[in-house]
Amino acid sequence: MGLFFLFGLILLALNIITSVWAYRDARRKGNSKEYAIVVLIGTIFFPILGLIVYLIIRND
């Protein structure tokens, strides 16, 4: 039981880290604050899909 709890905490921490990274990356690339918040919300609620979509649509 403790192993599943630890695994869940690791996944939650990874989700938060990638969401914050996506938000900061969107702001650093010169996008508006509203766009960065949409990216943040998308990556929080849809972690894998949101991150993949953001990586595809971000302007390099």
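Helices (H or I, at least four residues) and strands (E, at least two) are DSSP runs, numbered from the N terminus. The model is predicted: local features need pLDDT of at least 70, side-chain atom pairs count only at pLDDT 80 or more, and totals for chains, interfaces and linings use all residues. Residues are numbered from 1 along each chain as its sequence is written, and side-chain values use heavy atoms, with hydrogens and water left out.

**Exercise 1.** Determine how many helices and strands the protein chain has, and in what order the elements run.

*Solution.* Step 1: the chain has 3 helices and 0 strands. Step 2: from the N terminus on, the elements run α-α-α.

**Exercise 2.** Describe the largest pocket and identify the helices that line it.

*Solution.* Step 1: recall the term. On a 1 Å grid over the protein atoms alone, a pocket is an open set of points where a 1.4 Å probe fits, with protein on both sides within 12 Å along at least five of seven lines; lining residues have an atom within 4 Å of a point. Step 2: the largest pocket holds about 150 Å³ of space, where a volume is the space filled by probe spheres set on the points, and grid points are joined across faces, edges and corners. Step 3: its lining consists of L11, L14, N15, T18, P47, I48 and L51. Step 4: α1 (2-28) and α3 (47-57) each supply at least two lining residues, and α1 gives the most, with 4 residues.

**Exercise 3.** Decide whether N15 and F45 are buried or exposed.

*Solution.* Step 1: buried means under 20% relative accessible area, exposed over 50%, and partly exposed in between (1.4 Å probe, protein chains only). Step 2: N15, in helix α1, has 15% relative accessibility and therefore counts as buried. Step 3: F45, in helix α2 (residues 33-45), has 61% relative accessibility, so F45 counts as exposed.

**Exercise 4.** Find which residues N15 touches, not counting residues up to four places away in sequence.

*Solution.* Step 1: contact means heavy atoms within 4.5 Å. Step 2: under that exclusion, N15 touches T43, I44 and P47. Step 3: a polar atom of the N15 side chain lies 3.3 Å from the backbone oxygen of I44.

**Exercise 5.** State how the axes of α2 and α3 cross, and which residues make the contact.

*Solution.* Step 1: axes are lines fitted to C-alpha atoms, for helices over the stretch in contact, and angles run from 0 to 180 degrees between N-to-C directions. Step 2: the axes of α2 and α3 come within 5 Å and cross at roughly 145 degrees. Step 3: Y35, V39, G42, T43, I44 and F45 of α2 meet P47, G50, L51, Y54 and I57 of α3.

Notes:
A polar contact is a pair of N or O atoms within 3.5 Å; within protein, one must be able to donate a hydrogen and the other to accept it, and residues adjacent in sequence count only if both atoms are side-chain atoms.
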